[in-house]
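Thanks for coming. I have one structure to go through, and I will keep to a few parts of it.

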Amino acid sequence: MKFLTSSRFSAFVPFLLAAVVLFVLAPGILSDFRLNLLARYLCFAIVAVGIGLAWGSGGMLTLGQGVFFGLGAYAMGLHMKLDDAGPGRAPDYMPPTTDWLPGWIEMFRSGPITIAAIVLLPAAVALVLGLATFKRKVRGAYFAILSQALAAAFALLIIVLGSQSGNYTNGTNGLSNFRSFFGYDLNDPVNQRMLFYLAAGFLLVMVFIARQLRNSRYGELLRACQSSEERVRFLGYDPANVKVVAYVIAAAMAGIGGALFVPIVGIITPMDVGVAPSIAMLIGVAIGGRGTLWGPVIGAVGVAWAQSTLSEQFPAFWTYVQGALFIVVIAFLPGGLASLGSVIRNARGWWDDKRGRPAEPPVAVTDDLKTDVGSRV
Amino acid sequence: MATDYLEITDLTVSFDGFIAVDTVNLTVLKSDLRFLIGPNGAGKTTIIDAISGLVPSTGSIEFAGNHLQGKKVHKIARLGVGRTFQTSTVFEDLTVLQNLDIAAGAHRTPLTLLRRRSAVPEEVTAALETIGLTGQIDTLAGVLSHGQKQWLEIGMLLVQNAQLLLLDEPVAGMSHDERNATGELLQRISTERTVVIVEHDMDFMRSFAKSVTVLAAGKVLSEGSVAEVQADPRVQAVYLGTAAAAPTGAEI
């Protein structure tokens, strides 16, 4: 019984709840089609957990997570295409005469290397970019613009690599028509369901990692960096190192989200990794509440769900809704939906004040405190 | 022990040709409580900025045998130099405990950082006692009163184990009682450390200074005990000269 009421247990209640929803409820009531859509949203939620860490705790406005998402996605996509083609053969979208592939493509033929690359490639790019910017004290809007420019450049790079004679990335058409995922037939609904469980499992693990980081001393230090980077410096830390850790972890999470996206959705194109999707990844986090643990997850799933539902009905309409949502949340609800409760409480207090109702008596501490401190110091 | 002091030689700081600090020499020994005073624009804060690595300078700054110039801010902090700012810069959305714990942790290993704090570190408990914030341990620093924030800043310097404390107007905006409490606290702290205080409040300076350096237009004008400095005609001239502009600062 004691365990049930302990704070350690209550911290795990949301995890239990999420696990029940994802592993029991959703597969029980959703059709295969809807479940596949939810799996896709979960991929974005995995990215969102990382953004919550870098932006919510660390204050880094990561407008270019599409790059890391894309690195993970293309690593997985190339692996699956090479796997489908069979040993020693080139993927079906490349020219039929292709008899040699460059090493950087050939390496994705190996499953273990691909899995390592999904995490390490985004992490390495984030490490270089993070150190190059944070060490130079580039931050705020400048960092956001820089990371967004990187997303644009990355999408372009994939298109360019596809338009050359080798057609390594299949350009704007992207990678699609996958047949198998690590030996499992993707046409089998059981395997599709397994992919959903995989995404759900990864999401819970990512949230758990984020939770541990947030509650650790590092998490406190990261929030201190967001609050006042200079002060952290004068305490003997290099804030660049503190921030780059969160940025690298966020990038690795985005890579994992991207890698899961490919077998679940069945296609990855430069359109999925550029500027617009990078912003879309951020909007869910902003709406859900960037400073909270579960806010980014709920926001990302909610926005992705709204996007596919609304764009099924009014295809042209969604962009405006997305923009409006973003503006409303940033302007009126900077803490996201997670802060709705306290905003309403404050608004009520303000309303009561206006109507002349007695507010709660102010706590008379000041004088006591002064004498208290004075006697002790 | 013998090297545990601050020695500044020919310190010059210029901003785009404007010389804010001009060949200043300054030696502050351990257990001294040195006040830097002078009219606005005398270069008091700039000297602190130069010591803590915030602005580039020429000349030589040495503390406890280490040359500080050219080192990065956080490297200088790790050498035992701590400072506060005119406006308090505590981490407002963290608690008092979290603020102090971060200040105490610059030498922690990555593994320790990735774990949760299991107990309040000893030095944090001691500092809480010293600054009188034991009761506010879980209060967000942002809701503390102005004076408490300043004390929290001093507490952060203590747990940081700074041996050279640079304080920029630590009692600005405090009530009379708070000032006295702060002054006594600083006197006690200074017995084991080197403390340099930039201050405009002359009453506060007279009550608590062990030694004073008067600056004017980037140069050292006078140096010595409070009585010596007060008797110096050059100091009187400078303060009388600015008396019309700043009558409250002139009553030295």
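I will start with the ground rules, then take chain A, then chain B.

This is a predicted model, where local features need pLDDT of at least 70, side-chain atom pairs count only at pLDDT 80 or more, and totals for chains, interfaces and linings use all residues. Residues are numbered from 1 along each chain as its sequence is written, chains are lettered from A and ligands numbered from 1 in the order in which they are written, and side-chain values use heavy atoms, with hydrogens and water left out.

Chain A, then. An unreviewed UniProt entry lists "transmembrane region" for several stretches of chain A, among them 12–30 and 280–305. UniProt positions are given in the numbering used here, feature names are shortened, and annotations may be inferred rather than shown by experiment. Helices (H or I, at least four residues) and strands (E, at least two) are DSSP runs, numbered from the N terminus. Residues 12–30 of chain A are 95% helix and 0% strand, with end C-alpha atoms 25 Å apart. For residues 280–305 of chain A the figures are 77% helix, 0% strand and 12 Å.

One residue in a loop of chain A: A:Asn170 lies between helix H7 (141–163) and strand E1 (175–176). Is A:Asn170 buried or exposed? A:Asn170 is buried, because its relative accessible area is 15%, and buried means under 20% (exposed is over 50%, partly exposed in between; 1.4 Å probe, protein chains only). Leaving aside residues up to four places away in sequence, A:Asn170 touches A:Tyr93, A:Gly162 and A:Leu175, contact being heavy atoms within 4.5 Å.

On to chain B. Helix H6 of chain B, residues 146–159, has 14 residues and spans 20 Å from first C-alpha to last, close to the 20 Å expected; the expected span is 1.5 Å times one less than the number of residues. Of the 14 residues in H6(B), 13 are buried. Just after H6(B), B:Asn161 has a positive phi of about 60 degrees.

Next is strand E7 of chain B, residues 164–168, where five of five residues are buried. In a regular strand the side chains alternate between the two faces of the sheet. Here B:Leu164, B:Leu166 and B:Asp168 are on one side of E7(B), B:Leu165 and B:Leu167 are on the other, and all are buried.

Which strands pair with E7(B)? Strand E6(B), residues 81–83, runs parallel to E7(B), joined by three bridges; pairing takes at least two bridges found by DSSP. B:Val81 has B:Leu164 as its bridge partner. E7(B) also pairs in the parallel sense with E8(B), residues 194–198, over five bridges, and there B:Leu165 is partnered by B:Val195. From E7(B) the chain crosses through helix H7(B), residues 176–190, to E8(B), in a right-handed β-α-β crossover: with the strands pointing away from the viewer, the path from the first strand over the helix to the second runs clockwise.
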